[in-house]
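I opened the model to look up a few local features and keep notes on them. The entries follow in the order in which I checked them.

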Amino acid sequence: MVLVKGVKFNSMLARHFHMVEKVLGGKEKVKVALAQVNPAFLNKDKCIEKARRLIMEAGRNGADLIVFPEAWIPTYPYWGGRFTYNVEKWRKVNITLQENSIVIPSEDTEKLCDAARGGNIHVVMGLNELDNRPGCRTLYNTLLFIGREGRILGRHRKLMPTSTERLFWGLGDASDLQVFKTDIGHLGGLICWEHHMVLVRAAMMFKGEEIHVAVWPGSWCFKGPRVLEPDITSTLCDLYPAVREYAFEAGCFVVSCSAYV
């Protein structure tokens, strides 16, 4: 994906022209890589090694930013509540998910930071985060932001896990609704259903986002009323109008990345 500097704007869009110049930092193009690849299922170490390879590859190919899907390390909990009838299976799979989640900061995040530094590329990673407070085993659905110099910029924990996600993840809070100033523009992001939370969207836009990252666990189908016009896709999925509406409302670029299952 390439974000290209605009050349023609009418008077009503003059402020957006200024924004585009600011986003691109004087560059003609900003190249963005989307890592829509499968993770090493429930294996943190192999996920990190795969991520390092992809980050370095994207950097070698001139990308300024690489985005990974929601909860990519070590996977999104697609199994939902289906094991609740079998306590032993439920216990084992949840312990495995916890043991393969990431503490921020840690040696695991250092490996990702080293890759970002080596590839000279900004990284936004979707992961399962294990709370770093002593004795705490709470997991969060988190976006980790790493700058191209290899430093953690910050994180965002999903504010309200959706539906059965509450079986796995704790609730985030608004203290980490952040936008980070980078050489390619003001960078921020939200996770999946947060794109339907009006005040959360407004808060991010108010902070001056110029490149917005939207991450998802995949695509899905609703059996209710159609939410898309037929010429966009045959899938009854709210993802598509959500990212288009965000771009329209914020007047920013949206980088949307879904998991590959």
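**Notebook: helix 2 and its surroundings**

I started at the beginning of helix 2, where a side-chain oxygen of N43 comes to within 3.4 Å of the backbone nitrogen of D45. I note here that this is a predicted model.

Next I checked the length of helix 2. It has 17 residues, 44–60, and at 1.5 Å a residue it should span 24 Å. I found its end C-alpha atoms 24 Å apart, which agrees.

Which residues of helix 2 are buried? I listed K44, C47, I48, K50, A51, L54, I55, A58 and G59. Looking down the axis of helix 2, I saw that these buried residues fall within an arc of 170°, so they line one face of the helix. The general rule behind such a pattern is that an α-helix has 3.6 residues a turn, so residues three or four places apart point the same way. On the other side of helix 2, I noted K46, R53 and R60 as exposed.

What covers the buried residues of helix 2? I found that the cover includes strand 2 (29–34), strand 3 (65–67), helix 3 (87–99), helix 4 (107–119) and strand 4 (122–130). After helix 2 comes G62, and I read its phi as positive, near 85°.

**Strands 2 and 3**

I then looked at the strands on either side of helix 2 in the chain. Strand 2 and strand 3 pair in the parallel sense, with three bridges. For A33, I found the bridge partner I66 in strand 3. Going from strand 2 through helix 2 to strand 3, the chain makes a β-α-β crossover that is right-handed.

**Strand 5**

Is strand 5 (residues 139–146) enclosed or open? I counted eight of its eight residues as buried, so strand 5 is largely enclosed by the rest of the structure. Both of its faces are covered: L139, N141, L143 and F145 are buried on one side, and Y140, T142, L144 and I146 on the other.

Strand 4 and strand 5 run antiparallel and are joined by eight bridges; V123 stands opposite I146 in strand 5. Strand 5 also pairs with strand 6 in the antiparallel sense, over five bridges, and there T142 stands opposite R157. Strand 5 and strand 6 form a hairpin with five residues between them. In the turn I noted G150, which has a positive phi of about 85°.

**Backbone angles in the loops**

I looked up two cis peptide bonds. One joins I73 and P74, with omega about -15°, and P74 lies in the loop between strand 3 and helix 3. Another runs from I104 to P105, with omega near -5°; P105 is in the loop between helix 3 and helix 4.

I also noted positive phi values in residues other than glycine. S163 has a phi near 55° and sits in the loop between strand 6 and strand 7. With a relative accessible area of 54%, S163 is exposed. C192 has a phi of about 45° and belongs to the loop between strand 8 (185–191) and helix 5 (198–206). At 6% relative accessibility, C192 counts as buried, the cut-off being under 20%.

**R166**

My last entry is on R166, in the loop between strand 6 (152–157) and strand 7 (180–182). R166 and Y140 are 26 residues apart in sequence, and their C-alpha atoms are 9.8 Å apart in space. Leaving aside neighbours within four places in sequence, I found R166 in contact with M160 and P161.

Definitions and conventions: Residues are numbered from 1 along each chain as its sequence is written. This is a predicted model: local features need pLDDT of at least 70, side-chain atom pairs count only at pLDDT 80 or more; totals for chains, interfaces and linings use all residues. Side-chain values use heavy atoms; hydrogens and water are left out. Helices (H or I, at least four residues) and strands (E, at least two) are DSSP runs, numbered from the N terminus. The expected span of a helix is 1.5 Å times one less than its number of residues. Buried means under 20% relative accessible area, exposed over 50%, partly exposed in between (1.4 Å probe, protein chains only). The arc is that of the directions from the helix axis to the C-beta atoms. Contact means heavy atoms within 4.5 Å. A polar contact is a pair of N or O atoms within 3.5 Å; within protein, one must be able to donate a hydrogen and the other to accept it, and residues adjacent in sequence count only if both atoms are side-chain atoms. Two strands pair if DSSP finds at least two bridges between them. A crossover is right-handed if, with the strands pointing away from the viewer, the path from the first strand over the helix to the second runs clockwise.
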